[in-house]
Amino acid sequence: MTIKKAFETIIDLPKKRRYESTLPFDDSFPEKGDWKNDDEFYQQWDECFKNNAKFAVDQPAPMIGDNNTPMPEVRKFYKYWDQFKTWREFSQHHKHNPSEANDRAEKRWMESENKKTNKHYDKIERKRLIELIEHCYDHDPRIQSELKAEQDAKDKIKA
């Protein structure tokens, strides 16, 4: 890549995003057992969410916090990530370059095929994000504590 082309890519936001979407990306997330205590849980998940936040349309993305984060902020965090809007794209998977089409019909067909590819990878990305959020939520010590308190209150009422 020439310096001129690199500069043009950096200053043109759609080109920059297209390029950044092709870079290697660690889309893994912590698994139960990767952390030994609450502090490690928050540290590992904070790193994971920061990694994903670079693709956020709505900035700044809220971070996970810690044991002292008030529950309204915790709920706000999960709501944001549940409704996460990404600018990440998957044009690197396109099989067709519409600028090489011989006519308008072929160009439209190529664009249509590329849209199908985008939809496929968008679904995969959304599924990955849902798994990430659910996994974090299911293991979040604050959520676990709140659920236990609710269950204890229900048990008291029954007794």
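Colleague: Which residues of H3 are buried, and what does that word mean?

Modeller: In H3, the buried residues are Phe41, Tyr42, Trp45, Asp46, Cys48, Phe49, Asn52 and Ala53. Buried means under 20% relative accessible area, exposed means over 50%, and partly exposed lies in between, with a 1.4 Å probe and protein chains only. The model is predicted: local features need pLDDT of at least 70, side-chain atom pairs count only at pLDDT 80 or more, and totals for chains, interfaces and linings use all residues. Residues are numbered from 1 along each chain as its sequence is written, and side-chain values use heavy atoms, with hydrogens and water left out.

Colleague: What do the buried residues of H3 pack against?

Modeller: They pack against H4, H5 and H6. Contact here means heavy atoms within 4.5 Å. The helices are DSSP runs (H or I, at least four residues; strands are E, at least two), numbered from the N terminus.

Colleague: How do you know whether the span of H3 agrees with its number of residues?

Modeller: The expected span is 1.5 Å times one less than the number of residues. The 16 residues of H3 should therefore span 22 Å, and its end C-alpha atoms are 22 Å apart, which agrees. H4 has twelve residues and reaches 16 Å from its first C-alpha to its last, close to the 16 Å expected.

Colleague: Why is phenylalanine 77 called buried?

Modeller: Its relative accessibility is 1%, and therefore phenylalanine 77 counts as buried. Phenylalanine 77 is found in helix H4. Leaving aside neighbours within four places in sequence, phenylalanine 77 is in contact with Phe49, Pro62, Met63 and Ile64. The buried residues of H4 are Met71, Val74, Phe77, Tyr78, Tyr80 and Trp81, and they pack against helix H3 (38-53), helix H5 (104-139) and H6.

Colleague: What makes a set of residues a nonpolar core, and which residues have the most contacts inside the largest one?

Modeller: A nonpolar core is a set of buried Ala, Val, Leu, Ile, Met, Phe, Trp, Tyr and Cys residues joined through side-chain atoms within 4.5 Å. The largest has 23 residues, and those with the most contacts inside it are Trp45, Ile64, Tyr78 and Trp81. H3, H4 and H5 are the elements that give two or more residues to this core. As for tyrosine 78, its contacts beyond four places in sequence are Ile64, Ile133, Cys136, Tyr137, Asp140, Arg142 and Ile143.

Colleague: How is the packing of H4 on H6 described, and what is the hand of their crossing?

Modeller: The axes of H4 (residues 71-82) and H6 (residues 141-158) come within 11 Å and cross at roughly 115°. Axes are lines fitted to C-alpha atoms, for helices over the stretch in contact, and angles run from 0 to 180 degrees between N-to-C directions. The crossing of H4 and H6 is left-handed: that term applies if the near helix is turned anticlockwise from the far one by less than a right angle, and right-handed applies if clockwise. Met71, Val74, Arg75 and Tyr78 in H4 meet Arg142, Ile143 and Glu146 in H6. By class, this contact has four nonpolar, no polar and three charged residues. Nonpolar covers Ala, Val, Leu, Ile, Met, Phe, Trp, Tyr, Cys and Pro, charged covers Asp, Glu, Lys and Arg, and polar covers the others, Gly among them.

Colleague: How do you know whether phenylalanine 29 is buried or exposed?

Modeller: Phenylalanine 29 has 17% relative accessibility, so it counts as buried. Its place is in the loop between helix H2 (13-22) and H3. Beyond four places in sequence, phenylalanine 29 is in contact with Trp45, Cys48, Glu131, Leu132 and His135.

Colleague: What accessibility class does glutamate 113 have, and why?

Modeller: Glutamate 113 has a relative accessible area of 23% and is therefore partly exposed. Glutamate 113 lies in helix H5.

Colleague: What is the peptide bond from glutamine 59 to proline 60, cis or trans?

Modeller: That bond is cis, with omega near -5°, and proline 60 lies in the loop between H3 and H4. In general, most peptide bonds are trans.
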